[in-house]
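Work through the following exercises with the model open in a viewer. Try each task before reading its solution.

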Amino acid sequence: MTERMGFIGVGRMGANMARRLKDMGYPVVAVYDARPQVAQSLAQELGCRAATRLAEVTEASDVIVTVVTDDESMHGIFGPPKKADSLLANAKGKLFINCATISPKVHVEVEKAAKKAGAETLEGCMASSITQAREGTLYLMCGGTEQAFNRAKPILEKLSASMRYIGKAGQAANVKALVNMVMNINTAALAEGLALGDALKLDLAMLREVFSQTGANSRVLQTDGEDMQNREHSCFFSAAHAAKDSGIALSLAKEKGLNLPLAVATKKQYDRMIKEGLGELDKSGVAELTFKGRHKSRKK
């Protein structure tokens, strides 16, 4: 029997994942968001319940996908079962697939709390875009028990083009933190390279082509290079999220006694974007800080 699906956090990623599973024949029975109007709009589109309480989603669903913003939000939805409202209320037998980029230790804490409530959890860390969530072509890094992974696998196969089981709770989140740390460094480096090329009055289309054929090539060049040149920063992965995710990686480095100067410098750039009111731009918007004269013109 196809398991009933619930969603917590139905912003652009969560909503597109819900749409995809609905298209694939999974009954999406309940959605919840901290912004009630967002949940109501998606519920009307999908023909399901817009839950007003977390516990409603657990009650209605067999598998619950969560896509929340940060550690605090994760702690909030997975509070003690006796809390006024919690996903863990009457959660025995349920499976929670947690897809947000949060601290690995929080994934471990949530797994322990869920196990105590008789439920299972799985990290389903995503390294993909909003469009890929809708098309079912995500790349997923999974962490938790093999039992939870095997139960979730048929669902995840409908959402992804590829997935990898990393290991126990926290391990997939470790890998995701490193993925985003390196991506953010590459993005900031590309912005600096293109900015210097612009200052030297080089043709940036030509420069990007040369980069693509040399050691300067990267996935970020493919996804963000033209946007940096054209100042097109429609948000797929915000600068605010980049700052948060680089912070997670730096916390892990601190725990291990490692100094990562490039990661530190990159986080400072994204922190500066937030301070300057640019945090909701796409991560490619870091180019606004590097191209000569750009940021001042944007502020005006």
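This is a predicted model: local features need pLDDT of at least 70, side-chain atom pairs count only at pLDDT 80 or more; totals for chains, interfaces and linings use all residues.

Residues are numbered from 1 along each chain as its sequence is written, and side-chain values use heavy atoms, with hydrogens and water left out.

**Exercise 1. Strand β6**

Task: describe the partners of β6 and decide whether its residues are buried or exposed.

Solution. 
- Step 1. Strand β5 (residues 95–98) runs parallel to β6, and four bridges join them. Asn98 stands opposite Glu123 in β6.
- Step 2. From β5 the chain crosses through α5 to β6, in a right-handed β-α-β crossover (with the strands pointing away from the viewer, the path from the first strand over the helix to the second runs clockwise).
- Step 3. Strand β7 (residues 138–144) is antiparallel to β6, with five bridges between them. Met126 has Leu140 as its bridge partner in β7.
- Step 4. Buried means under 20% relative accessible area, exposed over 50%, and partly exposed in between (1.4 Å probe, protein chains only). Seven of the seven residues of β6 (residues 120–126) are buried, so the strand is largely enclosed by the rest of the structure.
- Step 5. Glu120, Leu122, Gly124 and Met126 point one way from β6, and Thr121, Glu123 and Cys125 point the other way.

**Exercise 2. Packing of α1**

Task: classify how α1 packs with α2 and with α7.

Solution. Two packed helices are described by the angle between their axes and the distance between the axes. Axes are lines fitted to C-alpha atoms, for helices over the stretch in contact, and angles run from 0 to 180 degrees between N-to-C directions. Angles under 35 degrees count as roughly parallel, over 145 as roughly antiparallel, 65 to 115 as roughly perpendicular and the rest as oblique. Contact means heavy atoms within 4.5 Å.
- Step 1. α1 (residues 12–23) and α2 (residues 36–46) pack at about 15°, their axes 11 Å apart; they are therefore roughly parallel to each other.
- Step 2. In this pair, Ala15, Ala18, Arg19 and Lys22 of α1 meet Leu42, Glu45 and Leu46 of α2.
- Step 3. The axes of α1 and α7 (residues 146–159) come within 9 Å and cross at roughly 105°, and the two helices are therefore roughly perpendicular to each other.
- Step 4. Here Met17, Arg20 and Leu21 of α1 meet Ile155, Lys158 and Leu159 of α7.

**Exercise 3. His107 and Ile102**

Task: locate His107 and Ile102, and list what each touches.

Solution. 
- Step 1. His107 is in helix α5 (residues 104–116) and is buried, with a relative accessible area of 4%.
- Step 2. Leaving out residues up to four places away in sequence, His107 touches Met74, Asn98, Ala100, Ile102, Glu123, Gly170 and Ala173.
- Step 3. Ile102 is in the loop between β5 and α5, buried at a relative accessible area of 1%.

**Exercise 4. Positive phi**

Task: state where Asn90 lies and where Arg231 lies, and how accessible each is.

Solution. Most residues other than glycine have a negative phi.
- Step 1. Asn90 has a positive phi of about 50°. Asn90 lies in the loop between α4 (71–77) and β5 and counts as exposed at 74% relative accessibility.
- Step 2. Arg231 has a positive phi of about 60°. The loop between α10 (219–230) and α11 (239–255) holds Arg231, which is partly exposed, with a relative accessible area of 33%.

Methods
Two strands pair if DSSP finds at least two bridges between them.
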